[in-house]
Amino acid sequence: MTVPLPPLPPVPEEGYRPGGPSVVDLVEREHRQLLDLLDLVDRVTGPDAAPQRLAEVVEVLTAVVSRHLSAEEQYLFPAVRAAVPGAAAAVDREVGAVAELLAALKALAGPADPALTDVAVRVRRHVAGTAALPASLREVATAAELIRLGNRWEIAEEAAPTRPHPGTPASPPWNRIVEPAVGVVDKVRDAVTGRPTYASDLLPPGD
């Protein structure tokens, strides 16, 4: 198969299996995490909601979604487009949906913005719309290829923006250059403000 990976070290011997989770496992795990965060948003929203808690949950949801979408655009979407026959239309549709989701996230005026409901709908729609893509990739890729792609996914997420930037490039190679640079700026802002950006800051272990 032809997966658009960056240059990787040569495989040391026949049958070598790299370590780490596969990209399929990562996507499925993160999709569950996104749904858990949306459930948490529902639990902390309402007339008796604590504003600070809701603000923290929305900040984490924004960061997790931003990182996840960045990794998808850098690695999952190009890999599926290149390796899965007939998948280009589905990928194009999801790329468009990602752009709309990022724009909706960026437009949020705050955690009490009624538009948060629309963002939640879009996130759920994204999870449902992309669920079949990792499975289709698993049908044509080897286990080693999926793990190597997962390694790149994890690296991309660590460098990814933690805020929505709908104006950045949506496809390689430019997004792999621009997004880490934008991510540095976001992380500096996060450090200065003490902003929570990981689901582990909010969800119990194992979620």
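I take partly exposed to mean a relative accessible area between the buried limit, under 20%, and the exposed limit, over 50%. E28, with 31%, is therefore partly exposed. The model I am reading is predicted.

**Entry: overall layout**

I counted the secondary structure and found seven helices and zero strands. Along the sequence the order reads α-α-α-α-α-α-α. Of the protein's 207 residues, 43% come out as buried. I then looked at contacts with a separation of 6 or more; 80% of them join residues 24 or more positions apart. For the accessible surface I noted about 10,300 Å², with 58% of that on carbon and sulfur atoms.

**Entry: helix α1**

I checked the length of α1, which has 22 residues. From first to last C-alpha it reaches 31 Å, close to the 32 Å expected at 1.5 Å a residue. I listed its buried residues, among them V23, V24, L26, V27, L34, L37 and L38. The list also includes two residues of another kind of side chain, E30 and H31. The cover over the buried residues of α1 includes α2, α4 (116-130), α5 and α6. After α1 comes G46, and I noted its positive phi, near 145 degrees.

**Entry: helix α6**

I repeated the length check on α6, residues 143-159. Its 17 residues should span 24 Å at 1.5 Å a residue, and the end C-alpha atoms are 25 Å apart, so the two agree. The buried residues here are L146, I147, L149, G150, W153, A156 and E157. I looked for what covers them and found α1 (23-44), α2 (51-83) and α5 (132-140) included.

**Entry: salt bridges**

Side chains of opposite charge can pair when their charged atoms come close. I searched the whole structure and got 10 salt bridges. I followed up several of them.

E28 pairs with R138, the closest N and O atoms being 3.8 Å apart. E28 lies in helix α1 and R138 in helix α5, so this pair ties together parts 110 residues apart in sequence. R138 is partly exposed, at a relative accessible area of 41%.

D92 pairs with R81, with 2.8 Å between the closest N and O atoms. D92 sits in helix α3 (residues 88-107) and R81 in helix α2, 11 residues apart. I found D92 partly exposed at 43% relative accessible area, and R81 partly exposed at 38% relative accessibility.

E100 pairs with R122, the closest N and O atoms being 3.3 Å apart. The bridge links E100 in helix α3 to R122 in helix α4, 22 residues apart. E100 counts as partly exposed at 47% relative accessibility, and R122 counts as partly exposed at 23%.

I also noted a network: E59, R163, D190 and R195 are joined by salt bridges that share partners.

**Entry: a nonpolar patch**

Last, I looked at the surface for nonpolar side chains. V184, V188 and V192 form a patch there, with about 290 Å² of accessible area together. I placed V188 in helix α7 (residues 174-193). V188 has 48% relative accessibility, so I record this valine as partly exposed.

Definitions and conventions: Residues numbered from 1 in each chain as written. Predicted model: local features only at pLDDT ≥ 70, side-chain atom pairs only at ≥ 80, totals over all residues. Heavy atoms only, no water. Helix = DSSP H or I, 4+ residues; strand = E, 2+ residues; numbered from the N terminus. Expected span 1.5 Å × (residues − 1). Buried < 20%, exposed > 50% of the residue type's maximum accessible area, 1.4 Å probe, protein only. Contact = heavy atoms within 4.5 Å. Areas by Shrake-Rupley, 256 points an atom, 1.4 Å probe, with all protein chains shown as cover. Patch = residues over 30% accessible without salt bridge, like charges linked within 9 Å, V, L, I, M, F, W, Y side chains within 5 Å. Salt bridge = Lys/Arg side-chain N within 4 Å of Asp/Glu carboxyl O.
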